[in-house]
Amino acid sequence: MEALLAIAIGVLTAAGVYLMLRARTFPVLLGLTLLSYAVNLFLFASGRLVVASAPLTDKNFTSYPDPLPQALVLTAIVIGFGMTALLVVIALRALRDTGDDHVDGERHVRREDGPR
Amino acid sequence: MSHLPILPILMPLLVGSLLLLMSGLSDGLRRSVGIAATLALLPVAVLLLLRVADGTHLVYALGAWPPPFAIVLVVDRLAAFMLLVTAVVALAGVVYASGGDDDAGPQFHALFQFQLMGINGAFLTGDLFNLFVFFEVLLIAFYALLLHGLGPQRVGAAIHVVVLNLIGSSMFLFAVGTLYGVTGTLNLADLSRVLPTLGPDEAALARSGALLLLGVFAIKAALLPFGFWLPRAYGSATAGSAALFAVLTKVGVYAILRVYALVFGPEAGSVAGVAAPWVFPAALVTLAFGALGTLGARGLREAAGWLVVYSVGTLLVAVGLFTEAGYAAAVYYTAHSTFAGAALFLVADVVSRSRTAAGDRLDIPDVMPRMALTGSLFLLAAIAVAGLPPLSGFAGKVMVLSAALAAGEAPWTWSVLLAATLVVVVALSRAGSALFWRTSEVTVAMPAPAIPRRAYWAVGGLLACVVGLVAWGGTVTEYAMDTARQLADPSGYRWAVLAGREGLVPDDRRDLQ
């Protein structure tokens, strides 16, 4: 179980970093999303993996999963979702304004200020 | 339990939400509400400052859960001081923006309040995960303010900022997960209690978590090699928000000070002083780069952005010494550099609006109305930022230099800091002469737009604060020294939060599994 989770985190992080280094905004966005998946799994694992037990607490079991990382993951998911949505909007806006989805799209900036 | 400590978070939250809901308000009313809400933070910050000035820690446990469980807010001398500095700069920023910038896009005042909520929360929180949450709150408001009055230039700069900070957020969570996995707690006071008891394997993990965190804080503070995003982003933001952004880098510096003085401080056993080998050299490089960037800037706003990098470098040189004198210098210089940096952003905007044809470009000559007034404000702001006598930048620099001398780091600090100051003085003199003296080549004078009177009041107010830092220098320095003493001895903070829980064995809570 630990090995599976560790491999999953590693693969997600590697794929995320690779995509983030691409030059177009959409792969970068996907890379950030993959990285945030990896982070969420990592946070979840920081409370230790407990298999075949009660989700929170039950007197029939002696070992429980730690509830705090679950709360942290939930918060991180919500925040990550909002940030990704914002980045999508900004990337689309940049594409519309500059006609280019390169992350350094300012080479094609038209001189006049303001939206089209 | 007094509810005073949570007010700096709740008030902007409520006002911001109300402003969002009541979209039918007229512009004038919206401005008045925004200014009034920002003004109201000032007495709260002063009250908190007076309450903690004698060295007490105000601990506010949300939901009255006993720490280290649940969320806790802690006000000590440093946090109260930062709240006051933020309130002053925010007031100047919002007053300036009310002169017309806030019309350029929707919901400026609501976003401004949310930004304040995030900044104040980051100063108040006593918990690593909440530091993350408040960072995200201030960042999302920061992105929105950056894009306020959208133009292609800003969109380009914004993508870099957002991507970089999203990576930073992921790194923050990795660090939080690592530290939680090792210690079983995220409360700063509790962390500082548990860390010295770690075994060698766990200490190695905690060290890597700590250094990841340093990377995150370096992005926020614009410490090189993570700071290249700042000048372009700040330079393209509207002036009122850019003034508030001058506080944002200080949030990163505050986090470094808080985490590495308190949690990974001298008493942290095998993880003590984990940041010390990195912060000081990186700060020196940042300082040098900031000065060179100022020299190479093509416009006054861009120069102001580089000067923020330069002042962060100076600040972190003081922090990076990790001595009491260094902390004291950092506290004093924080107030100074925030006021001076914000004032320079506002002056740069006044200049760029006055020069209708050339904007803030240094290479194109242009005339401007009210040149004497604008020029005098620029001169004062430039003297303050560069750190020349008689303004507070000079006093702050002397404190940094003498702290470095006492810590035995004088050769590097003195040479780099003094050389960088010289470069900045050259850059600012060049900018000033290009802006204010090269006017004879202009043949066609364009009608300049009227700049509202309140813009000058905002700049003047900030510069008055810089003067005040010198005039009441004794009081401020004394307060900075007291703050440094409190920072250098983290046991007071720990005791205040955990209140006698020192005896708790670190494995108590991990055993619950």
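## Ground rules

Helices (H or I, at least four residues) and strands (E, at least two) are DSSP runs, numbered from the N terminus. Chain A has three helices and zero strands. Residues are numbered from 1 along each chain as its sequence is written, while chains are lettered from A and ligands numbered from 1 in the order in which they are written. This is a predicted model, in which local features need pLDDT of at least 70, side-chain atom pairs count only at pLDDT 80 or more, and totals for chains, interfaces and linings use all residues.

## Chain A

Along the sequence, chain A reads α-α-α. The chain has 116 residues, and 29% of them are buried. A residue is buried if 20 or more other C-beta atoms lie within 10 Å of its own, exposed if 12 or fewer, and partly exposed in between; C-beta atoms are placed from the backbone. Contacts also have a cut-off: two residues are in contact if their C-beta atoms, placed from the backbone, lie within 7 Å. Take the contacts in chain A between residues at least 6 apart in sequence: 46% of them join residues at least 24 apart.

A:R48 is not a glycine, yet its phi is positive, about 70°. A:R48 sits in the loop between α2 and α3 of chain A. A:R48 counts as partly exposed because it has 16 C-beta neighbours inside 10 Å.

## Where the chains meet

In all, 38 residues of chain A are in contact with 26 residues of chain B. On the chain A side, the elements that give two or more residues are α2 (25-45) and α3 (67-98) of chain A. The most comes from α3(A), with 15 residues. By class, the chain A side holds 22 nonpolar, nine polar and seven charged residues. Here Ala, Val, Leu, Ile, Met, Phe, Trp, Tyr, Cys and Pro count as nonpolar, Asp, Glu, Lys and Arg as charged, and the others, Gly among them, as polar.

Strand β1 (residues 58-61) and β2 of chain B pair in the antiparallel sense over four bridges. Strands pair if DSSP finds at least two bridges between them.

Helix α2 (residues 27-52) of chain B has 26 residues and reaches 38 Å from its first C-alpha to its last, close to the 38 Å expected at 1.5 Å a residue. The expected span is 1.5 Å times one less than the number of residues. Buried residues of α2(B) include B:G34, B:L41 and B:L48. The buried residues of α2(B) pack against α1 (7-21), β1, β2, α3 (77-97) and α4 (108-124) of chain B.

Helix α10 (residues 239-263) of chain B has 25 residues, which should span 36 Å at 1.5 Å a residue; its end C-alpha atoms are 36 Å apart, which agrees. The helix is mostly covered, with 25 of its 25 residues buried.

The axes of helix α8 (residues 200-221) of chain B and α10(B) come within 6 Å and cross at roughly 150°. Therefore α8(B) is roughly antiparallel to α10(B). Axes are lines fitted to C-alpha atoms, for helices over the stretch in contact, and angles run from 0 to 180 degrees between N-to-C directions. Angles under 35 degrees count as roughly parallel, over 145 as roughly antiparallel, 65 to 115 as roughly perpendicular and the rest as oblique. From α8(B), B:L213, B:F217, B:K220 and B:A221 meet residues of α10(B), among them B:V251, B:G252 and B:I256. This contact has eight nonpolar, two polar and one charged residues.

Two cis peptide bonds deserve a look. One joins B:L224 and B:P225, with omega about 5°. B:P225 is in the loop between α8 and α9 (230-236) of chain B. Another runs from B:P389 to B:P390, with omega near 10°. B:P390 lies in the loop between α14 (371-386) and α15 (392-406) of chain B.

B:L417 is in helix α16 (residues 410-436) of chain B. B:L417 counts as buried because it has 24 C-beta neighbours inside 10 Å. Not counting residues up to four places away in sequence, B:L417 touches B:L287, B:T314, B:V317, B:K397, B:V400 and B:L401.
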